[in-house]
Amino acid sequence: MDSWGGKGGTMMPATGPPPWEPAVQSSMRAAAIGTGGRLEIVERPEPQPGPGEVVVAVERCGICGSDLHLRASGLLPAGAVLGHEFGGPVVVAAPDGDGPAVGTLVSVLPARRCGTCEACTSGRSNLCPLQVTTSIGLGWRNGGYAERVVVPGSSCHPVPPHTTAAQAALAEPYAVALHAIARSRMAADTDPAVAVIGAGSVGLMCVAALVQAGVTRVAVAEPRTVRAAVARAMGAVTVDRAGDIARALGRPPDVVFEATGTAEAPGQAVETAAIGGRVVLVGVGAPGGEVPMPALLWVVKEVDVVPSIAYTDAEFARAVAAVGNGAADKIVESAQHRRLADAEQAFDDLRRPDGPVKVLLDPTR
Ligand SMILES: [Zn+2]
Ligand SMILES: [Zn+2]
């Protein structure tokens, strides 16, 4: 199925299940962490929602760079199901009716936020402590590398009409980019020169969101040709190394988004940034890792270095609307679609220098 358009408005027939509802199932397939950390297909009992929870039938689930790092870390318990970028129809409503109705097509914010803590009430729900233990597909709760998954009803964001399953899945990394841009405090109407280091899916989402925001001067440092080509297709200029960014832009960038998560990139970002510029760290470093910085240059240029993690509820809602309306289509179109059973192969392929920009698992086949 390419588009979900029109399905959301389908009336439930008087008899028989609606077309999106599977026949009553007793089990489902998932790609779980198995022997030696390999992803293996397992049969799991059909997930049952608790109060305030619904079941979503996953139609596409993105494999995120952080999934590769998490798996490699060895920290995941055996049996864990990854996947925090996914969308699909609600197939079982919350037992207490608290959440979207069956048939609603949703993109899922993969955590629960409390709405009442200091972070939530000050507009920083991305920092809500509750989401640590409620995160979906990051080792705590099982995620979207599965046919079906239990999620909080409050985390379901209905998608715009005609949104595809791939677009719904990729709203999550686009939301990461929207938050990074908010952290940059850039004013698009001042015609800033902007750099992105790394054109993995988050770096590319930054490019897509910058273009949507009206930023016209974007340079991307990315040596891998497949990824660089997608950045260029969105209007960015590309260079192999961060050291070549200023030349490509004709001036040092006012804002640099560091989207590789490598140890050396933050220092390179400070080196390339304009005097008084700003560096946003949106790449997530390795656990226990440290970042060397050019101490003198950093201070003398007075470059602000700010971290950026996840997104607020409002940013996620904006991302669902934007991606459903085509804001990330160059990335969506470049994604490869694979079966759940091919998840292990997809992890291998994503690590290759000429590997795909993005893989979307399709649990429906
Ligand atoms: Zn991710
Ligand atoms: Zn909270």
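Mentor: Let's start at Leu 68, which sits in helix 1 (helices are DSSP runs of H or I of at least four residues and strands are E runs of at least two, both numbered from the N terminus). This is a predicted model, in which local features need pLDDT of at least 70 and side-chain atom pairs count only at pLDDT 80 or more, while totals for chains, interfaces and linings use all residues. Residues are numbered from 1 along each chain as its sequence is written, chains are lettered from A and ligands numbered from 1 in the order in which they are written, and side-chain values use heavy atoms, without hydrogens or water.

Is Leu 68 buried or exposed? Leu 68 has a relative accessible area of 12%, so it counts as buried (under 20% is buried, over 50% exposed and anything between partly exposed, with a 1.4 Å probe and protein chains only). Beyond its neighbours within four places in sequence, Leu 68 is in contact with Ile 63, Phe 347, Leu 350 and Arg 351 (contact means heavy atoms within 4.5 Å). For a sense of scale, Val 81 is 13 residues from Leu 68 in sequence and 13 Å from it in space, C-alpha to C-alpha.

Now look at the helix around that leucine. Just after helix 1 comes Gly 74, with a positive phi of about 75°.

Helix 1 (residues 65-73) packs with helix 12 (residues 343-351) at an angle of about 105°, and their axes are 11 Å apart (axes are lines fitted to C-alpha atoms over the stretch in contact, and angles run from 0 to 180 degrees between N-to-C directions). The two helices are therefore roughly perpendicular to each other (that covers 65 to 115 degrees; under 35 is roughly parallel, over 145 roughly antiparallel and the rest oblique). From helix 1, Asp 67, Leu 68 and Arg 71 take part, and they meet Glu 344, Phe 347, Leu 350 and Arg 351 of helix 12. Sorted by class, this contact holds 3 nonpolar, no polar and 4 charged residues (Ala, Val, Leu, Ile, Met, Phe, Trp, Tyr, Cys and Pro count as nonpolar, Asp, Glu, Lys and Arg as charged, and the others, including Gly, as polar).

Let's turn to the zinc ion. Ligand 1, the zinc ion, is coordinated by the SG atom of Cys 64 and the NE2 atom of His 84, at 2.1 to 2.3 Å (donors are N, O and S atoms within 2.8 Å of the metal, or 3.2 Å for Na, K and Ca; water is absent, so a site may look incomplete). Cys 64 is in the loop between strand 4 and helix 1, and His 84 in the loop between helix 1 and strand 5 (85-92), so the pair ties together parts that are 20 residues apart in sequence. Both Cys 64 and His 84 are buried.

Helix 12 also leads us to helix 6. In helix 6 (residues 225-233), the buried residues are Arg 227, Ala 228, Val 230 and Ala 231. Viewed down the axis, they fall within an arc of 155°, so they line one face of helix 6. Their packing partners are helix 5 (201-212), strand 10 (217-221), strand 11 (237-239), helix 11 (329-334) and helix 12. Gly 235 follows helix 6 and has a positive phi, near 105°.

For another setting, visit helix 8. In helix 8 (residues 265-272), 6 of the 8 residues are buried, so the rest of the structure largely encloses it. Those buried residues are Ala 265, Pro 266, Gly 267, Ala 269, Val 270 and Thr 272. Their cover includes strand 9 (193-197), helix 7 (245-249), strand 12 (255-258), strand 13 (278-281), helix 9 (295-301) and strand 14 (304-307).

Strand 9 takes us to one last stop. Met 186 is in the loop between helix 4 (165-184) and strand 9, and its relative accessible area of 17% makes it buried. Leaving aside neighbours within four places in sequence, Met 186 is in contact with Ile 181, Pro 192, Val 194, Leu 210, Val 215, Val 255 and Phe 257. Asp 191 is also in the loop between helix 4 and strand 9, and at 36% relative accessibility it counts as partly exposed. The phi of Asp 191 is near 55°, a positive value in a residue other than glycine.

Methods: The arc is that of the directions from the helix axis to the C-beta atoms.
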